[in-house]
Amino acid sequence: MNETSASLSKYSSSPAESVLSLYDLSFCYQANQPAVMEHFHLNIPRGSITAILGPNGAGKTTLLLLGLGWLRPQQGQVLREGKPLRRFSRREMGQWCALVPQSEHIPFEYSVLEYVLLGRSPYLNPLEMPTEQDCQIALQALAQMGLSQLADRSILSLSGGERQLVLVARALAQQPRLLFLDEPAAHLDLANKERLVQLLRALNQSGITIILTTHEPEVASSLATHLVLVQRGKVLHAGSFQEIFTAENLSELYGLAVEVVEHKGRRLVLWA
Amino acid sequence: MQFNRQGLLITLGVWLAVSVILALFIGRYPTPSILTLDRLLSDDLAQRLVWNLRLPRVFSALMLGMSLSAAGTVLQMLFGNPLIEPGFLGVSQGAAFGAAFSIIFLGNAAWLVQLNAALFAFVGLGFSYFLARRVRFGGWVLRLVLAGIAVSALFSSGVGILKYMADPLRQLQEITFWLLGGLWSSTWAQTLSILPVVLVGLTIAFLMRWRLNLLSLTDEAAFSLGASPNRERILLLFAVVSATAAVISAAGVVGWVGLIIPHIARRIFGADARYSLPAAMLIGGWFVLACDTLARTLMAGEIPLGILTSLIGAGLFMIMMLSRGFRLER
């Protein structure tokens with residue numbers, strides 16, 4: 001507990017300056033089950049790329065779903081720019097933040113464009129049809145991901161990696177200020193990983209705050225400005241990437257002796 | 001692509017309108033024939049036949065086909081499962097039980113049978129809904145599906161018991177005929193009595209047709225895109241299931257329409273419900289109208305409508321399964 005508070009004080013300052021803050025969160029999926037998250041504190045600084053790094057089952061996805069407001073904590077609060085999430089309408093939330101899930105079950109053969117167009121939902125009331133302008137924004141999002149040529153293809157005919165990029169395009173069509181990505185690089189090959197990293201950097205430059213979860217230290221080291229190490233529902237360490245990405249911290253996180261080496265200004269993890 | 005789909009929808013609409021007019025002129029009078037305009041204008045009995053019998057029946061057939069197809073499309077999308085049909089959630093079996101109960105214990109007047117069918121359709125729906133709410137595990141979709149299966153089984157065993165108790169000479173025949181479905185009892189009073197519910201249900205579904213795409217996604221995805229998925233799904237669910245309960249109460253259990261028509265519509269128009277929902281309504285309306293016209297024309301005794309729709313529907317389904325490019329996810 002002391003350790004968590006100490007690292008928190010080094011990491012960003014007050015909830016008011018943070019885009020998103022989780023304050024003293026405790027969460028469990030069912031009343032009689034052990035807590036997934038206990039007394040969890042976290043502030044996400046505006047304009048950062050925050051990577052949430054931790055072993056499988058550490059509660060990373062749960063953390064994103066709490067930040068999104070889909071899961072409600074039993075205790076504590078989630079604050080959007082200092083105000084509790086419940087003060088915002090569903091549409092206000094959808095215009096403000098977007099989620100790129102790890103994978104998504106798609107029950108019908110939508111075309112890629114129809115699917116990306118759904119990203120415009122938060123800007124339309126439930127009875128409205130998307131306009132020509134919404135269509136243009138969706139096409140633009142596809143172009144940004146380099147997927148324009150797939151617009152009329154059936155989404156079920158795409159490969160896993162392509163679908164992942166389509167999900168990112170849908171999130172872009174939401175024009176969010178804050179972007180959650182759940183293991184965004186998990187299904188991508190090296191070239192697509194590089195494309196995603198470049199794109200996320202560019203989005204970040206344009207003012208979008210990015211929070212992503214990953215279990216791979218390489219993904220975190222390739223773009224994160226801030227790092228949160230999560231272990232069994234607790235923040236192990238949090239702070240700027242430079243501060244936190246050390247051999248000592250990562251060894252503690254994975255329970256495994258690792259080395260961190262620097263190569264051309266980039267930190268790499270060596271194991272085994 | 002979009003222009004084509006819109007054009008095709010309009011073509012379907014025109015075709016349906018033409019079919020409605022044709023259906024008014026086709027039928028037994030007294031042998032299978034097509035009324036000529038001259039005959040209609042000069043023959044008083046023919047006028048009454050068309051106005052009092054055929055017209056309400058044609059409207060009932062349209063409402064039946066449109067409601068079942070729209071409900072099928074909506075439910076398949078809401079549950080993200082292309083194998084669901086509108087009688088699901090205890091509605092069909094509830095209505096069947098209500099009708100059989102009425103025939104045996106209360107009397108076989110058409111209005112009484114219908115009232116009971118409608119009542120028990122809603123009892124089935126309500127029972128499924130509250131059962132699903134009390135289930136302690138699984139997501140909302142899984143719980144509704146399980147509750148629907150259990151409640152349907154309960155009512156269908158109830159129907160079995162009632163059939164066993166029924167007088168085999170009078171009541172059993174009547175129950176069987178009702179279970180096979182048909183529109184032979186259509187009157188203006190009946191048609192107008194189900195119209196409001198059908199109109200409201202179909203209008204809600206039609207207005208929310210683009211939203212349906214969003215609601216077909218997982219809960220988390222729909223939520224992250226700014227929807228309140230459970231609230232919106234329940235609104236749509238009650239809208240289309242109410243319409244279904246209304247038409248089932250009037251026509252009995254007419255099978256396969258709600259399952260097969262949404263597939264055909266998606267096959268032609270793509271998955272986007274902006275097009276596939278109105279398409280399903282138009283195709284479904286036409287399909288039931290055509291089947292019902294055959295049902296009352298082909299033989300001197302009426303062929304139960306449900307037999308025709310099942311026969312043709314199951315046949316179409318087999319053809320679709322065997323044809324190239326057909327696939328179901330899940």
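**Close-up views of a predicted model**

**View 1. Leu181(A) and its partner in the neighbouring strand.** Leu212(A), which lies in β8(A), is the bridge partner of Leu181(A) in this predicted model. The two strands shown here, β7 (residues 178-182) and β8 (residues 209-214) of chain A, run parallel and are joined by five bridges.

**View 2. The open sheet of chain A.** Six strands of chain A make up an open sheet with mixed pairing, and their order across the sheet is β6-β7-β8-β3-β9-β10. Because β6 and β10 (234-240) of chain A stand at the edges and each has a single partner strand, one side of each is left without a neighbour in the sheet. On average, and with direction ignored, neighbouring strands of this sheet are turned by 15° against each other.

**View 3. Helices that lie against the strands.** Helix α2(A) packs on the sheet, where it touches β3 (49-53), β6, β7, β8 and β9 (226-231) of chain A, and its direction makes about 155° with that of β7(A). Helix α6 (residues 160-173) of chain A lies across β6 and β7 of chain A, and it runs at about 175° to β6(A).

**View 4. The side of chain A that touches chain B.** In this view, 29 residues of chain A are in contact with 29 residues of chain B. At least two residues of the side of chain A that touches chain B come from each of α2 (60-68), α3 (90-96) and β6 (97-100) of chain A, and α3(A) gives the most, with five residues.

Notes. Residues are numbered from 1 along each chain as its sequence is written. Chains are lettered from A and ligands numbered from 1 in the order in which they are written. This is a predicted model: local features need pLDDT of at least 70, side-chain atom pairs count only at pLDDT 80 or more; totals for chains, interfaces and linings use all residues. Two residues are in contact if their C-beta atoms, placed from the backbone, lie within 7 Å. Helices (H or I, at least four residues) and strands (E, at least two) are DSSP runs, numbered from the N terminus. Two strands pair if DSSP finds at least two bridges between them. Axes are lines fitted to C-alpha atoms, for helices over the stretch in contact, and angles run from 0 to 180 degrees between N-to-C directions.
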